[in-house]
Amino acid sequence: MLKTGLFFGKRGHRSQIEGLLFILPYAFLWGFFLIWPLAYGFFISLHKWDPLRGSKFIGLANYVKLFRSPIFWNAFFNTFEFAGIAVPLIIILGLVFALLMQRMSIRGGRFIEASLFFPYLLTVSIVSLVWKWLFDPDVGLVLYYSSRLGLHLPTFLADKFWALPAIAFATAWWLAGYRMVIFKAAMGDIPPELYESAELDGAGGYKKFRHITLPLLRPAILFALILTTISGFRVFGQVIMMTAGGPGRSSEVLALYLYRRGFDYLQMGLAAAVGFILFVIILIITVISFRFLGFESRL
Amino acid sequence: MLNEFFKNLKLTRRWKNLLGICLAAVMLLAAGGSFVFAQKKYELNFNTLFHGGDAQAMVRIVEKFNKENPQVKIDLVQGQWEDYYAKLYITVAAGEPPHIGITHTTYIPSMAPAMTPLEKSRAGNLLDIAGIKGEDYVEDLWKAGVYEGTRYVVPLDTHMWALWYNKDLFKEAGLDPNSPPNTGKELEEAASKIKAIGKYAIHPADIGKPRHFRRAWYILFWQQGGELFDKDFAKATFNNDKGLRALEYLVNVFQKWGWNKPGTNGNAQFVAGRLGMLWVGNWFYWTAERSGVNYATAPMPQIFDKRVTWGNSHNMVIPKQPLKVSDNVIVTAIKTIKWISENSDIWGIYGGHAPAYKPVLEGKKLGESKTWKKSLSVLSDMALEGALHYPIIHPQAKQLEHSIQVYVEEAVNGIISPQEALDKAEEEVNEILGS
């Protein structure tokens, strides 16, 4: 009885229990849809997994096989190449669009903003098909009009060097609009008095951006960066539809490599190992992002 | 006794009437229900990998079936080729497979664990139950449906690549539109003339995906008598003069002779009237018909030593069913498969494939159809000539094919040399075979 009295009597304990109860539904969903699949996926990766032919425990053999495979490393570096191009492009474009929209008070500004956001509403298959046709060497508008301007551009999607950057560009077109919305919303929270004070002190556009806008946008940038990095490393739809990982394997990324191992070759254990490695990569990058950028906005 | 019982209940007149009505209703329902159970409607899920002209042919077949068989309803789902087998395998593992599926002959070894053995199913010998006999099917196709002594499939068709050409462009280029090229020399002459009028001469690879370049290379390699692997699939046997000659020919189409450009889609070029000749399968028939192009079909030209073309077959299968699916459903599925065989003239006429069921293949309906006259007769002649060559039939077929096609594609796009492509492909497939 004394214990019970202590347990319910003290406010701290009671509020702790209340807090726990509040997060319990989310914790359940998080556990069921994230922790459990992650743990089970890792379990599968320790097996030669075949649900119909029978599975066999092989320890870390799948991981060893991956680390010894040049095809795995090709996909690994392609993924980093894609993310290295797409992520900064999406963030920078989003920021530029947000700045332009914030400053533009012309007629049709809202329409322009909506047009920049519109691609985000499309599905990955539509975006991929549209850009596949735009880049087509026969009927694609990109090569047609560039040749009319006297430019001899490569056949992007059939070029080993340009395939990934072309896919990254299409991805940036698709996602930059949403990042623009995030940044514009965050910019709206910056007190205008700060800009007025800076102007009074003689600060120009660049200095105001560098010393006021950018620092106060830190949380929004971190959020957009994490979101975009995760999409960048998980890229799949655009690659499979635009190039199927080609030409050769020049645009084969980790997610496509995982898909092929799991669903083309039915090597589920190996595919699960790739999935776990991808998870670890994204986790490390997210933690580093938090560490260096932080969630605080400060001048 | 019953009267005593009801007397003791001391029911009012109203309650007695109500009880009587309820009893009557229960009896009627039981009678009606037993009528319904006796006339039970089966719903079969039929998943296919058809997505082009042949998909609409299968829709016609299913519509006809559903009309003529009110006791059974087929729910048809069709989709892309690429991830079909993975989906089929996973649905069996998950215990939610379709009742009927499709499998290419070349994927029987890899899909065998996911398919019902037709002669040894839990519902009995399904072939006997449905009256399906091997002698009713084209012999080679029937024989190919057995893997490790077990039959898993009922053949639906055979399909292969042929030469589709634009008669108007032939005329414009000064070629006889009724005399398509039959040899390598004639092909080169036709290609040069079509190129001279500013059109694409030839696209040897369908819509230009990696697997199509691989098929084109196979054709050129097999035409020289080459075989991809040794008898036991212990090692690759394509990295030799024949393999190199074949790949150099294919690469030259895009890189040296200027007959086409890398990264292009042959089907799109053909339907736009910009391509003289296309290598593609008989399923292209309805696309060609709807394109408005004045086209004709011809046998695959004999560029090297003998006429060979790439081909495969679609087969109908019953994916392994979980125990919750009754034997009656499995029996209904095999009877439905038999019905589809018997009505596969629709498949031939509207899908452009050559049916495997002999009474249909040799029947009047197909023989008098436009499809037969315009394309199927060409394929049938090639098959009779022995020109059809299946690709890799092996449990790791997909992985082996993929390891070849990535390098073939790189060579075609001018990224690596043909010899380098063969060296890399050989190394990779030997590693897969050895693992």
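**Figure 1. The two domains of chain B have C-alpha centres that lie 28 Å apart.** The view is taken from a predicted model. According to the domain assignment, domain 1 of chain B comprises 42-159 + 312-381, and domain 2 of chain B comprises 160-311 + 388-434. Contact between them involves 23 residues of domain 1 of chain B and 21 residues of domain 2 of chain B.

**Figure 2. Several helices and a strand supply the side of domain 1 of chain B that touches domain 2 of chain B.** At least two residues each come from helix H3 (53-68), helix H5 (108-111), strand E6 (153-166), helix H15 (345-351) and helix H18 (370-385) of chain B. The greatest contribution to this side is that of H18(B), with 7 residues. Divided by class, this side of domain 1 of chain B holds 14 polar, 6 nonpolar and 3 charged residues.

**Figure 3. Gly311(B) is a buried residue of strand E10 (residues 309-317) of chain B.** Leaving aside residues up to four places away in sequence, Gly311(B) touches Thr158(B), His159(B) and Met160(B), together with Leu388(B), His389(B) and Tyr390(B). Thr158(B) is 153 residues from Gly311(B) in sequence, yet the C-alpha atoms of the two are 7.2 Å apart in space.

**Figure 4. Glu148(B) has a positive phi although it is a residue other than glycine.** The phi value of Glu148(B) is near 50°. Glu148(B) is placed in the loop between strand E4 (146-147) and strand E5 (150-151) of chain B. With 8 other C-beta atoms within 10 Å, Glu148(B) is exposed.

**Figure 5. Phe233(B), which is not a glycine, also has a positive phi.** Its phi is about 55°. The loop that holds Phe233(B) runs between helix H10 (210-222) and helix H11 (241-255) of chain B. Phe233(B) has 17 other C-beta atoms within 10 Å and is partly exposed.

**Figure 6. A cis peptide bond joins Gly246(A) to Pro247(A).** The omega angle of this bond is near 0°. Pro247(A) belongs to the loop between helix H12 (237-242) and helix H13 (254-264) of chain A.

**Figure 7. Helix H9 (residues 192-200) of chain A is hardly covered.** Of the 9 residues in this helix, the count of buried ones is 0. Gly202(A), which follows H9(A), has a positive phi near 90°.

Figure 8. The mean pLDDT of chain A is 89, and 93% of the residues score at least 70. Residues 1-7 of chain A have a pLDDT below 50, and the stretch makes 1 contact in the model beyond near neighbours in sequence.

**Figure 9. Chain A and chain B are in contact with each other.** The contact involves 18 residues of chain A and 24 residues of chain B. On the side of chain A that touches chain B, 10 residues are nonpolar, 5 are charged and 3 are polar.

Methods. Residues numbered from 1 in each chain as written. Chains lettered and ligands numbered in written order. Predicted model: local features only at pLDDT ≥ 70, side-chain atom pairs only at ≥ 80, totals over all residues. Domains from an automatic or database assignment. Contact = placed C-beta atoms within 7 Å. Helix = DSSP H or I, 4+ residues; strand = E, 2+ residues; numbered from the N terminus. Nonpolar A, V, L, I, M, F, W, Y, C, P; charged D, E, K, R; others polar. Buried ≥ 20, exposed ≤ 12 C-beta atoms within 10 Å, placed from the backbone. pLDDT = per-residue confidence, 0-100.
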